[in-house]
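Biologist: I am new to this structure and would like to learn how to read it. Could we go through it feature by feature?

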Amino acid sequence: MVKRTLSYFWSLRREFVKYFIVGFSGVFLDLGSLILLKEKLGFHPVPAVVINQAFLLVFNFNLNKYWSFRNREMPHRQIVRYLILGVFNYGFSVGAMYLLFGRFGVDYRLARLITIAIMVAWNFFLYKY
């Protein structure tokens with residue numbers, strides 16, 4: 001069983017590397033747009049996360065679908081599933097920013113990084129399947 005499990009995870013390595021690259025670039029876009037909205041355009045961090053997450057949902061869906069997982073199926077069902085996960089991640093992102101920044105005074109950039117790290121843990125397998 002252990003050998004089969006390790007073999008399975010090894011078979012996912014290319015997809016995971018691509019997923020990681022998309023995610024890593026997404027982190028830069030995420031933090032960059034968050035800082036731009038907050039520092040240059042004067043938004044409060046919570047509405048800034050609301051705005052930048054809409055853009056990042058589209059970015060991540062398309063790159064992961066077509067590049068990371070090489071999926072060419074018609075996306076109707078996939079979009080519904082992705083949007084369900086996206087709504088959950090969106091709510092988690094906004095709620096975490098509200099709690100970490102708004103209630104506990106954590107720097108908004110660190111709060112966002114913490115949130116991203118937590119979401120990466122569950123997103124790979126949920127995006128894949």
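Modeller: Start with what counts as an element: helices of at least four residues and strands of at least two are DSSP runs, numbered from the N terminus. The model here is a predicted one.

Biologist: In what order do the elements of the protein chain run from the N terminus on?

Modeller: The order is α-α-α-α-α. The count is 5 helices and 0 strands. Along the principal axes, the C-alpha atoms fill a box of roughly 50 × 35 × 20 Å.

Biologist: How do I read the packing of two helices, say helix 2 and helix 3?

Modeller: Look at the angle and the distance between the axes. Helix 2 covers residues 13–40 and helix 3 covers residues 45–68; they pack at about 155°, and their axes are 9 Å apart. Angles over 145 degrees count as roughly antiparallel, so helix 2 is roughly antiparallel to helix 3. The crossing of helix 2 with helix 3 is right-handed. Sorted by class, their contact holds 15 nonpolar, 8 polar and 4 charged residues.

Biologist: What should I look for in the interior?

Modeller: In soluble globular proteins, nonpolar side chains tend to be buried together. In this chain of 129 residues, 36% are buried. The largest nonpolar core has 11 residues, including Leu34, Leu37, Val46, Met97, Leu100 and Tyr108.

Biologist: Which helices each supply at least two residues of this core?

Modeller: They are helix 2, helix 3, helix 4 (76–103) and helix 5 (108–128). Helix 4 gives the largest share, 4 residues.

Biologist: Is Glu15 buried or exposed?

Modeller: Buried means under 20% relative accessible area. Glu15 has 19%, so Glu15 is buried. Glu15 lies in helix 2.

Biologist: How far apart are Glu15 and His44, in sequence and in space?

Modeller: Read the two separations side by side. Glu15 and His44 are 29 residues apart in sequence, and from C-alpha to C-alpha they are 36 Å apart in space.

Methods: Residues are numbered from 1 along each chain as its sequence is written. This is a predicted model: local features need pLDDT of at least 70, side-chain atom pairs count only at pLDDT 80 or more; totals for chains, interfaces and linings use all residues. Side-chain values use heavy atoms; hydrogens and water are left out. Axes are lines fitted to C-alpha atoms, for helices over the stretch in contact, and angles run from 0 to 180 degrees between N-to-C directions. Angles under 35 degrees count as roughly parallel, over 145 as roughly antiparallel, 65 to 115 as roughly perpendicular and the rest as oblique. A crossing is left-handed if the near helix is turned anticlockwise from the far one by less than a right angle, and right-handed if clockwise. Ala, Val, Leu, Ile, Met, Phe, Trp, Tyr, Cys and Pro count as nonpolar, Asp, Glu, Lys and Arg as charged, and the others, Gly among them, as polar. A nonpolar core is a set of buried Ala, Val, Leu, Ile, Met, Phe, Trp, Tyr and Cys residues joined through side-chain atoms within 4.5 Å. Buried means under 20% relative accessible area, exposed over 50%, partly exposed in between (1.4 Å probe, protein chains only).
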